[in-house]
Amino acid sequence: MRLIVHNMLSCNIRGVANKFPLRIEPKKIIVKEVDFNPDFLKHMIAKIDWKALVDGARSMGYTELPDHAPDTTTLESDESFLRKFHHSLLELHLEEGSLVCSETGRKFPVNKGIPNMLLHEDEV
Amino acid sequence: MANRPELLAPPEIFYDETEARKYTSSSRIVDIQAKLSERALELLALPEDGVPRFLLDIGCGSGLSGETISENGHHWLGLDISASMLNVAVEREVEGDLLLGDMGQGLGLRPGVIDGAISISAVQWLCNADKSSHEPRLRLKAFFGSLYRCLSRGARAVFQVYPENIKQRELILRQALQAGFGGGLVVDYPHSTKKRKEFLVLTCGSVQTSIQTGKNEHDEGCSEDDSSEDEESGMVSMSDRNRPKKRQKPNKEGKSREWMLRKKEQSRRKGNDVPADSKYTGRKRKSRF
């Protein structure tokens, strides 16, 4: 699971108010290179919850991201920022670990990079 | 034709390790899935600006459809309920991210993050109640509601479905419209039993109309604009209006006494042996007849 997905996943349990973001408890992280595409990054940046990305990256051991996303003008010119964004969003993989709901503490296990988001009968 | 898988077992049980491998190694299936995925991507009508988009592949299975998405230059997130199928996807080192989940429980994705969604041969599984606690209608509602929310403005969802019957297709369509989607059904090769393929193309309208036509409380569906589909496909555009029942009861008005007398006279002129007309001709019988 990459941070781009973590940034979109919320806790789906019925009745939970604080569903996003899920806290990452990593056990195994790998890095897989992906082609750098600035167009895609600029397209996605508007949809990304920046704080969740920074916190998620930190829990995976990556601390290079700035606390705030830059404005559009800096985005166009600052390639080093885009590279950091690219790396954290698309190249860090959580292979083993869990995603934890902040409100209920429920753990969604991650195995072989696949989060198990199946809810039990009483959570639906 | 073999039994429909949906009638044999729930998807996470039907697609066990053996079946998952069989599915993915069958060149015929791989070929069909690739073609269906290409067509679905076409129907997504993503802007052709060379910018990769982030798509959702619902019921991604072993990643066959996902590969088509990657080949077209987009990033994707796949969701499937069968761990065995997803394991095959991992083995094949697909480029997309994978989630083990049940679409009938809702997608659990933040609003507006997805640029488009496709689903190849998966949504019909929602119509089955595989557990006693399942109610297909509720599951369809959870699915379509959560899908509508996570799609960005103007994004589309294209589902290739194999509905078991008309009722199933209508159930799926109705739930989609109730969730707020507009859209229509695209049928490729409508006259060939073998080649016929159905695609449900759903759009997230950017403007919600508040004035309704009176029959129900749902938004009007926006009709499908691109009639530039290939020549073999027929377009049926639907919105949430009361449609007349497909089967009309035979009209008894045509068989009145006058009509009967006319027909008998015609027959006599032809030279047939016709019983004489009397006060009993065309008399209304008791309901049991």
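The exercises below, each with a worked solution, concern a predicted model.

**Exercise 1. The sheet in chain A**

Find the order of the four strands in the open sheet of chain A, and state which strands are the edge strands.

Solution.
- Step 1. The strands of this open sheet follow the order 1-2-3-4, and their pairing is antiparallel.
- Step 2. Look for strands that pair on one side only: these are strand 1 (23-31) and strand 4 (114-115) of chain A, the edge strands.
- Step 3. Take the pair formed by strand 1 and strand 2 (residues 92-100) of chain A: eight bridges join them in the antiparallel sense.
- Step 4. Within this part of the sheet, Glu96(A) in strand 2 of chain A has Lys28(A) opposite.

**Exercise 2. The interface of chain B and chain A**

Describe the contact between chain B and chain A by residues and by buried area.

Solution.
- Step 1. Count the residues in contact: 30 of chain B and 30 of chain A.
- Step 2. Turn to the area buried between the two chains, about 2500 Å², with 58% given by carbon and sulfur atoms.
- Step 3. On the chain B side, the most area is lost to chain A by Leu100(B), Gln105(B) and Arg110(B), which together make up 27% of what that side buries.

**Exercise 3. Polar features and the parts of chain B**

State how many salt bridges and polar contacts cross the interface of chain B and chain A, and which elements of chain B supply residues.

Solution.
- Step 1. Two salt bridges are found across the interface.
- Step 2. A salt bridge joins the side chains of Lys47(A) and Asp115(B), at 2.2 Å from N to O. This distance is within the 4 Å cut-off.
- Step 3. Residue pairs in polar contact across the interface number 13.
- Step 4. At least two residues each come from strand 2 (75-80), helix 6 (83-91), strand 3 (97-100) and strand 4 (114-120) of chain B.
- Step 5. Strand 3 of chain B gives the most, four residues.
- Step 6. Sorted by type, the residues of chain B that touch chain A are 14 nonpolar, nine polar and seven charged.

**Exercise 4. Gly106(B)**

Decide whether Gly106(B) counts as buried or exposed, and list its contacts.

Solution.
- Step 1. Locate Gly106(B) in the loop between strand 3 and strand 4 of chain B.
- Step 2. Gly106(B) has 12% relative accessibility. The cut-off for buried is under 20%, so Gly106(B) counts as buried.
- Step 3. Set aside neighbours within four places in sequence; Gly106(B) is then in contact with Asn12(A), Ala142(B) and Ser146(B).
- Step 4. For Gly106(B) and Arg4(B), the separation is 102 residues in sequence and 25 Å in space, C-alpha to C-alpha.

Terms used
Residues numbered from 1 in each chain as written. Chains lettered and ligands numbered in written order. Predicted model: local features only at pLDDT ≥ 70, side-chain atom pairs only at ≥ 80, totals over all residues. Heavy atoms only, no water. Pairing = 2+ DSSP bridges. Contact = heavy atoms within 4.5 Å. Buried area = accessible area lost by both parts, 1.4 Å probe. Polar contact = N/O pair within 3.5 Å; in protein donor to acceptor, adjacent residues only side chain to side chain. Nonpolar A, V, L, I, M, F, W, Y, C, P; charged D, E, K, R; others polar. Buried < 20%, exposed > 50% of the residue type's maximum accessible area, 1.4 Å probe, protein only.
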